[in-house]
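Let's take a walk through a protein structure together. Keep the picture open beside you and follow along.

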Amino acid sequence: VDIVRLRESFARVAMHGDEVPLFFYSDLFIKNPEVRDLFPISMEAQRGHLVEALVKIVSQADNAEELGAFLSGLGRDHRKFGAVAGHYDAVGASLLATLEHFSGPAWTPELAADWTAAYQLIASVMTEAARVDENVHPPWWKGKVVACEQRAFNISVLFVRPEPSLDYRPGQSVAMECPARPRLWRYYSIANAPRPDGLLEFHVRLVDGGAVSLALTSAAMAGTEVRLGPPVGVLTLDAAAADRDLLLVAGSTGLAPLKAILEQVSSRSRPPRVHLFFGARTAGELYDLDSLEKMAAQHPWLTVTPVVSEGPKFAGETGSLPDVVCRKDNWSGRDAFLAGGSEMVRETAARLASAGMPQDQIHTEDFGWSEL
Amino acid sequence: VTTVWSDETDRITPEELQIVTFPMTRLGRRGYEEDAVQEFLVLVHAEFVRLMNERASLWQEVQRLRKRIVAAQADGDSSGVLFGEADAHVHAVRILSAAQVTADRYVADAQAYSSRVTEEARLRRDDIVREAHQHSDMILEEAHARAREAAVTALNEAVPQSPSPSEREWQAAQAELAYLRTYGDVYRAHMRAYTEGVLRGIEDWENRQAASLHEVSDGQPVARRSISW
C-alpha cells in the first residue's frame with residue numbers, strides 16, 4: 001500500500017467538504033436500507049464523526065501502534081451501535097464508491113487496489129477488537145431507571161440498575177441512550193463507587209435545547225429502560241499517587257465523577273486528606289450539598305467548600321471556582337481532579353499549574369461535547 | 001427532486017402571513033411586542049432566502065435536463081434520455097442527500113427552537129424567583145412595621161402616672177404580645193394570599209399544558225408559532 005498516494009487521493013477528495021460524507025451515507029443507505037435504522041434522524045454530527053475518523057486514520061497511517069489502538073477502540077465502541085461483522089463489507093463498498101465518485105479522472109485501478117487493501121486492514125483490526133470484546137462485555141447494558149429525583153429546577157439525579165452488572169472504576173463514564181431519543185448517545189459519569197446492589201447514580205443537568213438532557217431530566221424517566229455502553233475514561237485514582245492528599249474541584253454536575261472517587265477514598269483504611277470544592281451558579285443549584293456535608297461531618301479527613309458564582313445572599317464562598325480555589329492555597333502537594341464545564345476546568349488547571357502544581361498531578365477529562 | 005421540496009409542510013404560508021397576530025404590549029403602551037415582531041421577521045427572511053435558493057437550483061436543474069433532452073434527440077437516442085444507467089444511482093444518491101439535508105435542517109431548527117424556549121423559561125424562572133424574594137421581603141417589612149405600631153399603641157394605652165415595677169413588666173409583656181399577634185396576623189394573611197396566587201398560576205399552567213398535550217395526541221396540527229407569541 002502506497003501511503004503517500006493514499007494521502008494525496010484523500011486530500012483531493014476531502015476538498016469537497018460535507019458533500020463527501022453526505023454521498024457516502026446516501027450511497028450506503030440506498031444499497032443497504034436496513035442500515036439506516038442504526039443511525040439518528042439528523043446525520044449532521046455523524047458526518048462530522050466520519051470525517052474526523054478518516055482524517056485521523058489517514059494521518060496516522062504510518063504509525064501502526066497508535067492507529068491500531070484507535071481502530072480497536074472504534075471497533076469496540078461500535079458494538080453498542082449495533083454494528084456487526086456483516087456491515088463492514090457494506091461500509092467498505094460505499095467508501096470505495098465515494099472515493100471513486102469524488103476522485104474523478106484521478107481514480108485508477110492501482111488507487112482502487114490501494115484503498116481496498118487499506119480498508120480491509122482497517123476493517124480487520126476493528127472487527128477483531130470487537131470479537132475479542134465479545135468475550136468480556138455485552139455490546140450494551142440494559143439499565144432500568146429505578147428512581148429519578150429532581151434536585152434543582154435544572155438538575156436531576158437518576159438511579160439506574162444495570163443488567164447484567166457493570167464493572168467500572170470510580171470516575172469513569174458510560175454512554176447512555178434513552179428510549180425517547182433513539183440513536184443519540186451521550187456520556188455521563190457514574191456518580192458513585194461500586195455498590196453491593198450494583199445501582200449506578202447519574203447527575204444530569206438540563207442543557208438549553210439539549211435533546212437528550214431534556215428527556216433524561218423528565219420525571220417520566222422513572223421506570224423506563226435506558227441503554228448503557230461500556231465504561232470509559234481515565235479520570236480515576238489510578239492516575240494519582242497512592243499516599244498524596246487530594247484536591248477535588250467540581251463545577252455543577254462535574255461533581256459526579258469526583259463523588260465516585262470520594263466514595264472510593266472513604267472506604268480506605270487510611271484515607272488521604274481531601275478538600276472538595278463544589279461550585280454552582282446559585283445556592284439552589286448546589287444540588288448534592290446535603291449528602292456531601294453529611295460525609296464531611298462523618299470524616300475528619302474531608303473538607304467540603306460550596307462555592308456560588310451568582311448569589312449575593314449566599315453565606316459561604318462566592319465567586320468563580322478557579323478564583324476561590326486558588327485564593328485558599330496553592331495546593332501544590334496534592335493530586336487535583338477537576339470536572340465540570342470545560343472553561344472552568346481549563347482555567348483551574350492553568351491557575352494550579354502556574355501556582356506550582358506539577359502537570360502530572362492535575363487530572364482532567366473533557367466530556368464537554370457530550371453534554372447535549 | 002421536487003417531491004423533496006414539496007414535502008416540507010412546516011413552513012410559513014401566505015395564509016399564515018395574513019392571520020398572524022402578535023401580543024399587545026403591556027398596558028400604557030401602544031403597539032405589538034417588538035421582540036415577537038422581530039422574531040417573526042427573522043423567520044420570514046429565512047423563508048425568503050430558502051425560496052430564492054430553491055428557485056435558483058430548480059432553474060438550473062430544468063436547464064440541465066433541457067440540454068440533455070436536446071442532446072439526446074440530436075443523437076437519435078431515446079432510451080435513458082434523462083439519465084444514463086450509471087447516472088441513475090448517483091442521481092438517487094443526490095436525492096437522498098437532499099432529503100437528508102432537509103431532515104438535518106428540521107432537527108437543527110427544532111433544537112434551536114427548543115433551546116430558545118428553555119432559555120426563556122429559565123430567565124422567566126429567575127425573574128419569578130427574584131420577584132418572590134422581593135415580595136417576601138416586603139411582607140416581612142410590612143408585618144414588622146404594623147406590629148411595631150400595635151406594640152406602641154399597647155404601651156401608650158392608659159399609662160398610669162407612676163407605674164409600679166410589676167405594672168411596667170405587665171405592660172411590656174402586653175406590648176410584646178400585641179407585636180407578635182399583629183406580626184403573625186399580617187404575615188399569615190399576606191403569605192396565604194401570595195401562596196394562593198402562585199398555586200392558581202401553577203394550576204392554570206397545568207391546565208394549559210394538559211390542553212396542549214391533548215391537542216397533540218388528537219393529531220391536530222399544533223400552531224407552533226402561536227405558542228411563543
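Start with a single side chain: Arg195(A) has a relative accessible area of 33%, so it counts as partly exposed. Keep in mind that what you're looking at is a predicted model. Arg195(A) has a partner, too: its side chain meets that of Asp197(A) in a salt bridge, with 3.1 Å from N to O. Asp197(A) is partly exposed as well, at 39% relative accessibility. What's behind a pairing like that? Side chains of opposite charge can pair when their charged atoms come close.

Now zoom out to chain A as a whole. It holds 11 helices and 12 strands. Its radius of gyration is 23 Å, close to the 21 Å that the globule rule gives for 372 residues, so chain A is as compact as a globular protein of that length. Along its principal axes, the C-alpha trace spans about 70 × 50 × 40 Å. Of the 372 residues in chain A, 49% count as buried. Then there's the question of who touches whom: if you take the contacts in chain A with a separation of 6 or more, 72% of them come from residues 24 or more positions apart.

Is Asp133(A) buried or exposed? Find it in helix α6 (residues 109-134) of chain A. Its relative accessible area is 8%, and buried means under 20%, so Asp133(A) is buried. Leaving aside neighbours within four places in sequence, Asp133(A) is in contact with Arg76(A) and Arg79(A).

Back to salt bridges. How many turn up over all chains? A search of the whole structure finds 35. One of them links Arg47(A) with Asp104(B), where the closest N and O atoms are 2.8 Å apart. This pair crosses between chains, running from helix α3 (residues 44-59) of chain A to helix α4 of chain B. Both Arg47(A) and Asp104(B) are buried.

For another salt bridge, hop over to chain B, where the side chains of Glu61(B) and Arg64(B) meet at 3.6 Å, N to O. Both sit in helix α3 (residues 34-75) of chain B, 3 residues apart, which is about one turn of the helix. Glu61(B) is partly exposed at 21% relative accessibility, and Arg64(B) is partly exposed with a relative accessible area of 30%.

Charges aren't the whole story. On the surface, Val198(B), Leu199(B) and Ile202(B) form a nonpolar patch, with about 240 Å² of accessible area together. Val198(B) belongs to helix α5 (residues 165-217) of chain B, and its 38% relative accessibility makes it partly exposed.

Finally, how far can you trust the picture? The model scores ipTM 0.79 and pTM 0.72. Chain B averages a pLDDT of 77, with 79% of the residues scoring at least 70. Among the elements of chain B, helix α4 (residues 85-156) has the highest mean pLDDT, 87, while helix α6 (residues 224-228) has the lowest, 36. Over residues 220-229 of chain B the pLDDT is below 50, and this stretch has 21 contacts in the model beyond near neighbours in sequence. Residues 1-7 of chain B also stay under 50. Where pLDDT is low, the predicted coordinates should not be read in detail.

Key. Residues numbered from 1 in each chain as written. Chains lettered and ligands numbered in written order. Predicted model: local features only at pLDDT ≥ 70, side-chain atom pairs only at ≥ 80, totals over all residues. Heavy atoms only, no water. Patch = residues over 30% accessible without salt bridge, like charges linked within 9 Å, V, L, I, M, F, W, Y side chains within 5 Å. Areas by Shrake-Rupley, 256 points an atom, 1.4 Å probe, with all protein chains shown as cover. Salt bridge = Lys/Arg side-chain N within 4 Å of Asp/Glu carboxyl O. Helix = DSSP H or I, 4+ residues; strand = E, 2+ residues; numbered from the N terminus. Buried < 20%, exposed > 50% of the residue type's maximum accessible area, 1.4 Å probe, protein only. Rg over C-alpha atoms; globule rule 2.2 N^0.38 Å. Contact = heavy atoms within 4.5 Å. pLDDT = per-residue confidence, 0-100.
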